[in-house]
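Colleague: I am new to this structure and would like to go through it step by step. Please show it first.

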Amino acid sequence: MNPDGKDNPFSDIGKLHHINRCIQCGTCSGSCPLSDRMDHAPRELFALIREGAYDEALASNTPWFCVSCYACMVRCPKEIPVTDLMYAFKEKARQQDTVPKNTDMPDMYDAFSKTVKQFGRITESFLMGRYGLRHPLAAAKNAPLAVKMALRHRLELKPQATADPSAFARLYDLTEKKGGKP
Amino acid sequence: MTSRMKPKIGVYVCHCGMNIAPKVNVEEVAEHAKTLPHVAVARDYKFMCSNPGQDMIVNDIRELGLNRVVVASCSPRMHEKTFRNALRKAGLNPYYFQMANVREQASWVTKDSAEATEKAKALASAAVTRVAFHQPLLTREVKVEKSILIVGGGIAGMQAALTSAQAGYQVYLVEREPSIGGHMAKFDKTFPTLDCAACIMTPKMVDVYQHPDIQLFTHSEIEKVEGFIGNFEVTVKMKPRYVDMTKCTGCGLCMEKCPTKKITSEFNEGLSKRTAIYTPFPQAVPNVPVIDAANCLTLGKGKKCGVCAKFCESKAIDFDQQPEFKTVKTGAIIVATGFKAFDPGSIGYYGYGRYPEVYTSLEFERLNNATGPTSGKLVMKDGKTPERVAIVHCVGSRDQRHKKYCSRVCCMYSMKFAHLIYEKTGAEVWEFYIDIRSPGKNYEEFYNRVQEEGVKFVRGRVAEITDMTDDPKDRGRLTVVAENSLTRRTLRIPVDMVILSVGMEPSPGAEDMGRLLGVSRDADGWFNELHAKLAPVATPMTGVFLAGCCQGPKDIPDTVAQSMGAAGEAIALLSKGSVTTQAEISNIDEDLCTGCKSCIAACSYSAIGFDEARRIAVVNEALCMGCGSCAAACPSSAASVRHFSDRQVMGELEMLL
Amino acid sequence: MKICFYPGCSFASSAGYKESTDAVCRKLGIELSEIPDWNCCGATVSFGENTLRALVLSARHFVLAESMGFGQIVTGCNACYATLRKTADILAHDPDLFEQTKHVLSQFDLDLSALPKIRHLFEIISEAMPEITGDTFRDIPIAAYYGCQLTRPHQDLDRGDHPTVLETFLEKIGFGVTEHSAKTACCGASHAVVYTGDCRVLAQRILREMEGKGAKAVTTLCPLCQFNLDQNQSKDAGPSLPVTYFTQLAGLALGLSPKELGMNKLLVTAEKVLNRP
């Protein structure tokens, strides 16, 4: 049925069937603030999956550039839930271990997620710090901003946390294998 | 042959080539039929509908004295007529026939052969039982009016009128606007020939006006429709113009002198103003103005103006004019109510109504037209000539949030615009499309021509029209944001003018017209044709036909062809001077009827009248469609449908269960 | 009036959003019952990682709100608003995911049953604000910035492209309004840290549009929107517009001082524009 002869790893995504309606009009990419950065336009990603080129689709950095502005989704003439699919594709890439290396966004998301796991809440400065461990240059670039924020009494040095942050570590473990239908 | 003779039934089971025989054991069905009461002969044969097959029936009737026939084969929609004719040929009343559908209802839908055969046997048995109760029925000839009424005076209606009049029919053409011409009167040039729309249409308009057999009702609407095929009675409401058409010379002085000059011109799509007394456009037919009562100082504002009357040398102004009603008899009705352009105001990201230089295609037609708001000069609202124009395809079309369908003409008219803009101004034209649809004769060639003229085609549906700019030099211009899907780049093109190629939707009032005429509409509001492929101009309401865009979006060549077709169908219907009514209609037993009128209330076709003298309901046999609502409603079993008596239907059911 | 409030992670550290919200609510008699021990809703990250986990992170608050006796949760952050709503929608329509979420929450002694209505703080404040008839601020044209996730994907609060409710609010509370075309143009959101350059272009385009149409200040209703527009302005070139929160403008209209509204926390200061005696 498809060139690689493989099973469709995206098939458990509940909303996937909507991509069959895509007529490649380009409204999604035209509306997207960061589409010029993506390996593939969202519509191209749909075309790859429909063709059966699953490996290329999984490895694409496209969903990682989605900023959740939903402009594509409210304008798509075929009412394809583009943004929701981008979320599902990110989850799928993690499940399949095909997170692309040509973008730093996965690391940012990781830093965010680990911070939630550790504290139950996000503290911006702490998140920056954590991301900066992997990406010191980016952290350095943001240093002037950090100073400005400090001068305005907006730089939190102590990370905010819930009463029992360990519950979130538990939550992460509990849901690690399960995932749930995207 | 009276119905009191004992039934002598012939049963014929058809192989239908490979369609019935492999699945259903036809010999077994025939053998089974032989065991049923009153069956004199049962045969199976390869193709019952063929000449030998029909001859077999005719011969058996003549030689064996059969007085009933059952054929177990395909759907009655295919061959009921064929076999009834065979009975007729043999001298038997054609209603002594019953068909059992063992193809669509057994062979084609049952997986297991044994099951299919059992089902076929049941269907055949049901038909045999039923046919024993059949009565001989007669159809009637009803005389028809040799006239055709057409609703809508655009190119579709006008063409239908001319063709009908040419055939010698009296034509009534009813148009609700003050002038005929429809949307085509607004166009500048037409694709692919680039004919001037007015130049090719005004001769037709004049022909319609001058034709002795065409009675033109403009500024008029259909008020009521009664009657039935061949004998419709249509009441036309002639709305007051407040100008006496017999006196007006069309000099135009009243329009010059009218003090109310600031009314938005509908004909110019809101781009210019008109006076309260006006003709919609210079070539209007009839060339008689009409007063917009709501905006007229005298008629609508309670002021004593009357300037037009003062200056009219023919004394044609008549402020006291009342609506007039005229009822005409007509044999057939052709609906040609056209379309309405989609309003892109509901698509916020295209900026229509927000940014002044975003136009719809119809607005642009007026801009480009020599009789339009700028006398055909392609200028923006500030008077400057645009240097770059964007044309946006598929606005509101192919879009599940608006109109799902493709309106068929927009790609072609968009390319027409591109060509005209380039020719007139030398401006750079960018066309943003999803697909280029150019299916007609010379359409693809037109596309090639426009490509060669240097129009920049971008395959990408426009994501946004905005006045946000990146370069301060472009302040005041519009930016078109779209992905060029062919180069995989997101473009932000600064332009001076944007044209939104909007699709079509049904004309306002189509819903009411449908109700008046008994014509149904599809989910998008277009009138339903009788059969999408084989009967595109007829409707299920016999005698009512469709022409032009009211049936679905189409271009001018297709509209004209369809109009000629509709006229042809109407003429074919009426040409013999009479029509045959159907035999399976309601019958009300005088003795049983109590005069309760439940049947009259139930009838959707207004086919039952009431005889006040005898206090009973009476069926108008020409109007009755045999739906059976009266039979179901009647509390005293007085009403029944011929050919669907209780005995017939119950007999059939018993054998099926 | 008592409302169930979900602040979200960025609320307290933003440029005066918390201060102004607290001050305005006090003045209007709105009691903000903050959900005790709330956690991060996951924002635009969690659903891209693990759907079930994402649902649990948000749904925990549904249980907490119900136990507080509330049928709706109010939040002042667009991302939290969108995420909580998305969670409520998914749980309402997918019985399987509802059961899975319920099961995980039960491991924390939380019993998920009712799904609350999710509302934005703007809805509550704009309903409660009285009409201000004075002219103190009427000559200051403000550009309203809605951000992305308030009117998209759910367009029930207002239309997704050119909404008007915030302008209507500004007029009601006595400020001037600049009509402009960047109301829902994306600023680049959470990608601004990693892709600073690209997002700067987006933010600058928005600010240039607002300034070009005559705005003297901006007002927002989301911490990240305010932050991105605030920090993407350079003193030397480009637009210079103070980026406020709608609650700060409401507070000014109600006669509160800029200090108590936390306006000293804005990176681009608002004194010159908004200081009125």
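Colleague: Leaving aside neighbours within four places in sequence, with which residues is Cys186(C) in contact?
Modeller: This is a predicted model, in which local features need pLDDT of at least 70, side-chain atom pairs count only at pLDDT 80 or more, and totals for chains, interfaces and linings use all residues. Residues are numbered from 1 along each chain as its sequence is written, with chains lettered from A and ligands numbered from 1 in the order in which they are written. Two residues are in contact if their C-beta atoms, placed from the backbone, lie within 7 Å. For Cys186(C), that gives Cys148(C) and Leu202(C), along with Pro33(A), Val67(A), Cys69(A) and Ala71(A).

Colleague: Which residues touch the most other members of the largest nonpolar core?
Modeller: A nonpolar core is a set of buried Ala, Val, Leu, Ile, Met, Phe, Trp, Tyr and Cys residues joined through C-beta atoms within 7 Å. Buried means that 20 or more other C-beta atoms lie within 10 Å of a residue's own (exposed: 12 or fewer; partly exposed: in between), with C-beta atoms placed from the backbone. The largest core has 142 residues, and those touching the most other members are Ile142(C), Cys186(C), Cys187(C), Ile206(C), Val218(C) and Leu229(C).

Colleague: Which element gives the largest share of this core?
Modeller: Helices (H or I, at least four residues) and strands (E, at least two) are DSSP runs, numbered from the N terminus. The largest share is 9 residues, and the element is helix 2 (residues 51-67) of chain C.

Colleague: How many residues of chain A are in contact with chain C, and of what kinds are they?
Modeller: On the chain C side, 44 residues take part, and they meet 47 residues of chain A. Elements giving two or more residues to the chain A side include helix 5 (82-96) and helix 6 (105-119) of chain A. Ala, Val, Leu, Ile, Met, Phe, Trp, Tyr, Cys and Pro count as nonpolar, Asp, Glu, Lys and Arg as charged, and the others, Gly among them, as polar. By that rule the chain A side divides into 24 nonpolar, 9 polar and 14 charged.

Colleague: Which strand gives the largest share of the side of chain B that touches chain A?
Modeller: The contact takes 15 residues from chain A and 17 residues from chain B. Of the chain B residues, 6 are nonpolar, 4 polar and 7 charged. The largest share, 3 residues, comes from strand 25 (residues 478-484) of chain B.

Colleague: What percentage of chain B is buried?
Modeller: Chain B has 18 helices and 34 strands. Among its 657 residues, the buried share is 48%.
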